[in-house]
Amino acid sequence: MTARNRAAAKPAAIGRPRSFDRDAALLAAMRTFWARGYEGTSIQDLVEAMGVNKPSLYATFGCKEEIFREAVELYDRLEGRATSQSLGEAATAREAVEAMLRSNARAYTAGEGPRGCMIVLSSLLGAPENESVRRFLADNRLSGERMLRDRLSRGIAEGDLSPSADIDRLAAFYTTVLEGLSIQARDGASRKKLNAIIDASMLAWPGRSS
């Protein structure tokens with residue numbers, strides 16, 4: 001083989017690895033954490049789901065916790081609309097709370113994706129080294145509770161909720177109901193059962209002042 005032929009036979013120079021879709025990879029990570037929880041998801045699980053090797057994963061997203069935090073932010077943007085829209089669009093505080101619960105019950109039992117709420121289900125972890133993740137998720141849930149409390153406060157201001165209503169207690173109660181619906185959904189409860197739970201919870205709504 002001549003020198004020219006040998007040169008022609010050499011493989012083409014290897015360039016940079018083909019880029020991947022960062023948004024699609026993060027969506028895949030979100031669904032993996034949603035289905036398996038934080039502690040139940042390994043780096044290898046993420047590598048396989050996101051379609052990227054470990055060096056690229058670490059270079060692009062950082063460590064597992066950093067990926068998880070981004071995945072939670074994405075979940076809030078995509079799935080949190082059921083709560084924010086319900087609280088923002090309903091005419092009264094009671095309608096807002098009921099709409100929030102029922103819209104999430106529908107989302108939790110939808111055919112696509114894992115059942116239940118990623119924020120609630122991912123927090124079911126206990127290893128001491130994951131304390132920062134627990135705090136992060138707790139802060140996220142408290143933010144949702146504050147949003148609900150603000151809507152209840154607006155109800156008092158607009159006259160559709162009694163001024164004597166304990167909005168801190170109401171916000172905590174209906175946040176707990178919402179989180180319970182998530183656990184029920186993951187356990188396989190039907191939408192009918194979730195709506196029956198919501199029916200019962202709305203009986204606790206305070207009556208209007210005379």
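Colleague: Does T175 count as buried or exposed?
Modeller: This is a predicted model, where local features need pLDDT of at least 70, side-chain atom pairs count only at pLDDT 80 or more, and totals for chains, interfaces and linings use all residues. Residues are numbered from 1 along each chain as its sequence is written, and side-chain values use heavy atoms, with hydrogens and water left out. Buried means under 20% relative accessible area, exposed means over 50%, and partly exposed lies in between (1.4 Å probe, protein chains only). T175 has 10% relative accessibility, so T175 counts as buried.

Colleague: Which helix holds T175?
Modeller: Helices (H or I, at least four residues) and strands (E, at least two) are DSSP runs, numbered from the N terminus. By that numbering, the place of T175 is in helix α10.

Colleague: Which residues does T175 contact, leaving aside neighbours within four places in sequence?
Modeller: Contact means heavy atoms within 4.5 Å. With those neighbours left out, the partners of T175 are E145 and L148.

Colleague: How many helices and strands does the protein have?
Modeller: Read along the sequence, the pattern is α-α-α-α-α-α-α-α-α-α-α. The secondary structure therefore comes to eleven helices and zero strands.

Colleague: What percentage of the residues of the protein count as buried?
Modeller: The protein exposes about 11800 Å², and carbon and sulfur atoms supply 51% of that area. Such areas come from the Shrake-Rupley method with a 1.4 Å probe; for residues, only the protein chains shown count as cover. Of the 210 residues, the buried ones make up 40%.

Colleague: What percentage of the contacts between residues at least 6 apart join residues at least 24 apart in sequence?
Modeller: Take the contacts between residues at least 6 apart in sequence. Those that join residues at least 24 apart make up 68%.

Colleague: Are α7 and α10 roughly parallel or roughly antiparallel?
Modeller: Axes are lines fitted to C-alpha atoms, for helices over the stretch in contact, and angles run from 0 to 180 degrees between N-to-C directions. Angles under 35 degrees count as roughly parallel, over 145 as roughly antiparallel, 65 to 115 as roughly perpendicular and the rest as oblique. Helix α7 (residues 93–108) and helix α10 (residues 167–186) pack at about 15°, with axes 10 Å apart. The two are therefore roughly parallel.

Colleague: How many nonpolar residues are in the contact of α7 with α10?
Modeller: From α7 come V97, M100, L101, N104 and Y108; from α10 come Y174, V177, L178, L181, S182 and A185. Ala, Val, Leu, Ile, Met, Phe, Trp, Tyr, Cys and Pro count as nonpolar, Asp, Glu, Lys and Arg as charged, and the others, Gly among them, as polar. By class, two are polar and none is charged, and the nonpolar residues number nine.

Colleague: Are α7 and α9 roughly parallel or roughly antiparallel?
Modeller: The axes of α7 and helix α9 (residues 131–158) come within 8 Å. They cross at roughly 155°. The pair is therefore roughly antiparallel.

Colleague: Which residues of α9 meet α7?
Modeller: This contact divides into six nonpolar, one polar and one charged residue. On the α7 side are A93, A96, V97 and M100. On the α9 side are L148, R151, L152 and G155.

Colleague: Which residues of α9 make the contact with α6?
Modeller: The axes of helix α6 (residues 81–89) and α9 come within 10 Å and cross at roughly 10°. That makes α6 roughly parallel to α9. In this contact, T83, S84, L87 and G88 of α6 meet these residues of α9: M147, L148, R151 and R154.

Colleague: What is the relative accessible area of I198?
Modeller: I198 is found in helix α11 (residues 191–202). Not counting residues up to four places away, I198 touches L101, R102, A105 and L181. I198 is buried, and its relative accessible area is 0%.

Colleague: What separates the C-alpha atoms of I43 and C63?
Modeller: I43 is found in helix α3 (residues 43–50). I43 is buried, with a relative accessible area of 17%. I43 and C63 lie 20 residues apart along the chain, and their C-alpha atoms are separated by 8.8 Å.

Colleague: Is E79 buried or partly exposed?
Modeller: E79 is found in helix α5 (residues 64–79). With a relative accessible area of 27%, E79 is partly exposed.
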